[in-house]
Amino acid sequence: MQSYSCVNKCTWCDGCGDYGIWTAVKRALTESGLAPWQVCLCFDVGCHGNGSDKLQGYRFHGLHGRVIPFAAGAKLANPKLPVIAFGGDGASFSEGIGHLVHGIRSDYPIVFVLHNNANYGLTLGQASALTWQGQKMNTAPNGIPEHTLPSMDFVFSLEPTFVARSFSGDIPQMTEIMKAALKHRGFAFVDILQACPTWNHFATHEYFLEHCYDVTTEGHDTSDFVKARAIAVDTSKRISTGILYQREDIPDFYEKLVPRQGKTTTPVEEVAITDVTAYMKKLL
Ligand SMILES: Cc1ncc(C[n+]2csc(CCOP(=O)(O)OP(=O)(O)O)c2C)c(N)n1
């Protein structure tokens, strides 16, 4: 099969978690039997977004905070196409938080991979909504006064159908999660806790190694919403990773669209040149 490898060199900092995530994405796509011409990869603006030209595939690098709308648009136009959207925590929980809300509640059938380095990396380490309260960051030398946004509680409040978490140092686990997310019926929220050795000196690679545990080793039931939410939210002593919650029994957004019922073609296949002259004449 054609490879996802690309001649362009990565420009991320040494030790950046983006290397691990980028590797897992390529592995997951390859192991899913998908060639680069069979996928659509959508990137937000940020350090992670600079990976958009470091792998093969149909790729789209859009505006900051807007990756979910354009990924969802691509998917709804061509539902046969696997679509992955990549976004940073800065973009996804501030500029683009409205899109995240509606992406989850609408259950658009796409995979969303959160590059969660708990800061605005590309613009040199400002605090994001997910930076731990009190951490000294660029433009916040005394620590930010706001409390940290409880991202997982927020995601669960939107009644998601797939929630998973991993960390950028665990390539095998990220690969398996992404493969499962690609098969998921609706919106798959994949939170990757990402090492950022340049700007994030609190949630480091070593910290994740010490605190993360795989829920499959404890027989976690992924259909248990209450338990999944509880172990996703409480990271005070240890951090649960793996697929935390999944349900496959409800139709996704596209499947629920009344005008699409019974159609065997996709919207892109229905695009045709239409002569509107008669219609325009009627209007004038
Ligand atoms: C609407 C808008 N706001 C702000 C910016 C400036 N900007 C570009 S990248 C970036 C930081 C991105 O941080 P994050 O989304 O967390 O991704 P990371 O770089 O950490 O991967 C910012 C603030 C922009 N380009 N557009």
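Predicted model: local features only at pLDDT ≥ 70, side-chain atom pairs only at ≥ 80, totals over all residues.
Student: Which helix gives the largest share of the shell around the ligand?
Tutor: The ligand is surrounded by 18 residues, and the closest include Gly88 and Gly90. The largest share of this shell is 4 residues, and the element that supplies them spans residues 89-95. That element is helix H3.

Student: How many residues of the shell around the ligand are charged?
Tutor: The shell holds 18 residues. Of these, 5 are nonpolar and 11 are polar. The charged residues number 2.

Student: Is strand E5 (residues 162-167) largely enclosed by the rest of the structure or exposed, and why?
Tutor: A residue counts as buried if 20 or more other C-beta atoms lie within 10 Å of its own. Because 6 of the 6 residues of E5 are buried, the strand is largely enclosed by the rest of the structure.

Student: Which residue of E8 is the bridge partner of valine 163?
Tutor: E5 pairs with strand E8 (residues 239-246) in the antiparallel sense, over 4 bridges. Within E8, the partner of valine 163 is tyrosine 245.

Student: Which residue in E6 stands opposite arginine 165?
Tutor: E5 and strand E6 (residues 188-193) run parallel and are joined by 5 bridges. In E6, the residue opposite arginine 165 is aspartate 191.

Student: Which helix makes a β-α-β unit with E5 and E6?
Tutor: The two strands run parallel. The unit they make with the helix is right-handed, and the helix covers residues 171-183. This is helix H6.

How values were computed: Residues numbered from 1 in each chain as written. Near = placed C-beta within 6 Å. Nonpolar A, V, L, I, M, F, W, Y, C, P; charged D, E, K, R; others polar. Buried ≥ 20, exposed ≤ 12 C-beta atoms within 10 Å, placed from the backbone. Pairing = 2+ DSSP bridges. Right-handed = clockwise from strand over helix to strand, strands pointing away.
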